[in-house]
Amino acid sequence: MHYKLAPGILVKSENAAKPHSQSSAYLNSLLADLESVESSFDYGCGKLRYTDALLETSETLALVDSEIQLSREQVLKGSKTSIRHLTRESNRLRAYNNVEFKNLNARFERGFCINVLPIIPIYAERRRVLGSIFSHLHSGAQCLFVVQYRNSDFTRMSRMKNARPWRDGFLINSLRGYSFYGLISPERLVSMLERVPFRVSDVKLNDGSAYVWAQRP
């Protein structure tokens with residue numbers, strides 16, 4: 001997604017997407033313990049960092065992101081391709097941009113929103129994302145939300161000359177444009193979810209990240 005914050009400041013969230021090689025061993029271990037369901041979605045799928053692990057837990061998987069992220073050619077798991085192209089070749093994957101997903105008349109048995117909220121620099125947009133996720137879950141279905149609340153690299157980056165404070169994080173201006181990196185405490189995430197209104201069922205903390213399961217009542 002692109003977020004215009006002020007004249008000359010356009011945040012490109014795709015700049016913050018990490019490759020498949022930088023997946024979290026802790027998160028992968030959590031995913032490996034999940035029972036399989038028929039349908040899931042990965043909201044903010046980025047560079048497909050967890051697609052393989054999620055397909056082990058679900059018969060079908062919807063990949064949700066901005067149209068730019070879905071359509072652009074980029075290196076995904078070692079090959080230059082696009083998410084749109086990959087999903088056309090698979091009968092288990094579907095791709096939806098954020099507008100398509102919002103208008104989709106379907107509900108899923110499980111959702112994932114992994115390190116998405118902290119790279120959204122507008123609070124109202126975070127609330128919109130949470131509402132869209134909530135509306136696409138079956139009653140009783142859960143979504144796993146992952147956010148960072150502590151990061152030593154962020155502390156170092158925030159002191160760089162091309163960084164400036166913004167909301168609960170900071171902006172970095174580079175050759176690729178502006179990126180935003182935020183930190184969301186576990187307590188604040190739980191509060192955000194309960195206002196939707198999700199029912200939070202579990203909170204785990206590991207190495208500066210919070211892993212929160214939230215259920216649609």
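Let me begin with Ser179, whose place is in strand 12, residues 177-182. Helices (H or I, at least four residues) and strands (E, at least two) are DSSP runs, numbered from the N terminus. This is a predicted model, in which local features need pLDDT of at least 70, side-chain atom pairs count only at pLDDT 80 or more, and totals for chains, interfaces and linings use all residues. Residues are numbered from 1 along each chain as its sequence is written, and side-chain values use heavy atoms, with hydrogens and water left out.

Is Ser179 buried or exposed? Ser179 is buried, because its relative accessible area is 3%; buried means under 20%, exposed over 50%, and partly exposed in between, with a 1.4 Å probe and protein chains only. Leaving aside neighbours within four places in sequence, Ser179 is in contact (heavy atoms within 4.5 Å) with Val11, Lys12, Asn15, Phe170, Leu171 and Ile172.

Gly78 is found in the loop between strand 5 (74-76) and strand 6 (79-81), and it counts as exposed because its relative accessibility is 68%. Its C-alpha atom is separated by 35 Å from that of His138, 60 residues apart along the chain.

I turn now to the nonpolar cores. A nonpolar core is a set of buried Ala, Val, Leu, Ile, Met, Phe, Trp, Tyr and Cys residues joined through side-chain atoms within 4.5 Å. Which members of the largest core touch the most other members? Of its 35 residues, they are Leu117, Ile133 and Phe145. Strand 9 (residues 137-148) supplies the largest share of this core, five residues. Apart from it lies another core, of 22 residues, among them Cys45, Leu54, Leu55 and Leu70. Beyond four places in sequence, the contacts of Phe145 include Leu117, Ile133, Leu189 and Phe198.

Next, the aromatic rings. Rings of Phe, Tyr and Trp (its six-membered ring) pair if their centres lie within 6.5 Å; planes under 30 degrees apart count as stacked, over 60 as edge-to-face and the rest as tilted. A search of the whole structure finds eleven aromatic pairs. One of them, Phe112 with Trp213, is edge-to-face, at 6.2 Å centre to centre and 65 degrees between the planes. This pair links distant parts of the chain, 101 residues apart: Phe112 in strand 8 (residues 108-114) and Trp213 in strand 14 (residues 209-215). Phe112 is buried, with a relative accessible area of 0%, and Trp213 counts as buried at 15%. Ring pairs also link Phe41, Tyr43, Phe101 and Phe108 into a cluster.
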